[in-house]
Amino acid sequence: MPFTRISLLRGKSPDYLRTLSDSLHQALVESFEVPPDDRFQAIHQHEPGELVFDRHYLGGPRSDDFVLFAITAGKPRTTEVKRRFYKCLVERLAEAPGVRPEDVMVIITTTQRDEWSFANGEPWTIEAAP
């Protein structure tokens, strides 16, 4: 049940955004232990100057195609699962829509179950049905 905020510079087509979203979801399902029907994302496009990033800090060089994925997850994953996910994500994004690995940044934050309410004003306290 991760929720992902995707931030990038404005100007990409609806097809590009859909493909970006699809590639992220494929990577989450394939390598981050996410069920196929668990898809919650918000895409934020920013004007120049509203998405500030260093083009060389701990990686790069980053281009104007830089994408930040801020993932809030409801359960912790092992370091190995996260490593597999990072690798899978950059591979999927390179395939489609063609994002360079140097332009992908991921931040994962975990929370407790009772910090989520999926509907009806109720905290998420039971395991989802299979």
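Helix 2 buries Val 81, Phe 85, Cys 88, Leu 89, Val 90, Arg 92 and Leu 93 (buried is under 20% relative accessible area, exposed over 50%, partly exposed in between, with a 1.4 Å probe and protein chains only). This is a predicted model, where local features need pLDDT of at least 70 and side-chain atom pairs count only at pLDDT 80 or more, while totals for chains, interfaces and linings use all residues. Residues are numbered from 1 along each chain as its sequence is written, and side-chain values use heavy atoms, leaving out hydrogens and water.

Those buried residues of helix 2 (residues 79–95) pack against helix 1, strand 3 and strand 4 (contact means heavy atoms within 4.5 Å; helices, H or I of at least four residues, and strands, E of at least two, are DSSP runs numbered from the N terminus).

Now to strand 1: five of its seven residues are buried, so the rest of the structure largely encloses it. Strand 1 pairs antiparallel with strand 3 over six bridges (pairing takes at least two DSSP bridges), with Leu 8 opposite Val 67. With strand 2, the pairing is parallel over six bridges, and Ser 7 sits opposite His 44.

As for charges, there are 11 salt bridges (a Lys or Arg side-chain nitrogen within 4 Å of an Asp or Glu carboxyl oxygen). Glu 47 and Arg 10 make one at 2.6 Å, N to O, linking loops 37 residues apart.

Definitions and conventions
Expected span 1.5 Å × (residues − 1).
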